[in-house]
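The exercises below ask you to read a protein model step by step. Try each task before you turn to its solution.

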Amino acid sequence: MVSPPPLNEGTKTTGLLSFRVWVVPALIVAGLGTAASLRADLFHLLAEIFVAVLAVAQFALAWQMRRLSADRLFLLLACGFLFSGMLTAIHVLAISGLPLLADAGGALTGRLWDAIRGYEMFLFLLATPIA
C-alpha cells in the first residue's frame, strides 16, 4: 500500500480538509444557533426555508444531470422533493405567530406538515421497487 506524502507547513490542503469548505456551513450553524437563542419561531422559519431551498437545489442538480445518468431514481426523488419543497414554503407562510399568510392559524400549519411527511413517505414507497 502506498502512503500519501507527508504534509509540509507550506502545503495547502484541498478537499474536505480545506478551511474554505467549512466557512459557509459554520456560518449557517452559527446563524441558526443565534436565531434559536433569540426566538424559537425565527429559528423554525429559517430552518424550514433552508429545507425548502435544499429541496429546490436537489431538483435543479438532478434536472441538469438527467442526460448524464442512467439512474432515473434520483430524478424521481428530486422531482418529488421539489413538490415537497413547495409545500414546505406554503407551510412556512402559514406558521402561526408570523403574519405572512392571513387567517392561517395553527391547524393549517399542522395539516401542511402532516401532508408533507405523508407525501414524502409515499414518495419513498413509490421509489422502493425502482431501486
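A residue counts as buried when its relative accessible area is under 20%, as exposed when that area is over 50%, and as partly exposed in between, with a 1.4 Å probe and protein chains only. This is a predicted model, in which local features need pLDDT of at least 70 and side-chain atom pairs count only at pLDDT 80 or more, while totals for chains, interfaces and linings use all residues. Residues are numbered from 1 along each chain as its sequence is written, and side-chain values use heavy atoms, with hydrogens and water left out.

**Exercise 1. Describe the secondary structure of the protein and how much of the protein is buried.**

Solution. Begin with the elements, where helices (H or I, at least four residues) and strands (E, at least two) are DSSP runs numbered from the N terminus. The protein has four helices and zero strands, and read from the N terminus the order is α-α-α-α. Next, turn to burial: of the 131 residues in the protein, 23% are buried.

**Exercise 2. Find the salt bridge of the structure and state how accessible Arg-117 and Glu-120 are.**

Solution. Recall first that a salt bridge is a side-chain nitrogen of Lys or Arg within 4 Å of a carboxyl oxygen of Asp or Glu. The structure holds one such bridge, and it joins Arg-117 to Glu-120, whose closest N and O atoms are 3.2 Å apart. Side chains of opposite charge can pair when their charged atoms come close.

An α-helix has 3.6 residues a turn, so residues three or four places apart point the same way.

Finally, compare each accessible area with the cut-offs. Arg-117, with a relative accessible area of 29%, is partly exposed, whereas Glu-120 is buried because its value is 17%. Beyond residues up to four places away in sequence, Glu-120 touches Phe-81 and Ser-84, where contact means heavy atoms within 4.5 Å. Both Phe-81 and Ser-84 are among the buried residues of helix 3.

**Exercise 3. Which residues form the nonpolar patch on the surface?**

Solution. Patches are made of residues with over 30% relative accessible area and no salt bridge, like charges being joined within 9 Å and nonpolar side chains (Val, Leu, Ile, Met, Phe, Trp, Tyr) within 5 Å. Here Val-24, Ile-28, Phe-50 and Leu-54 form the patch, with about 340 Å² of accessible area together. Helix 1 (23-38) and helix 2 (40-64) are the elements that give two or more residues to it. Phe-50 lies in helix 2, and with a relative accessible area of 37% Phe-50 is partly exposed.

Terms used. Areas by Shrake-Rupley, 256 points an atom, 1.4 Å probe, with all protein chains shown as cover.
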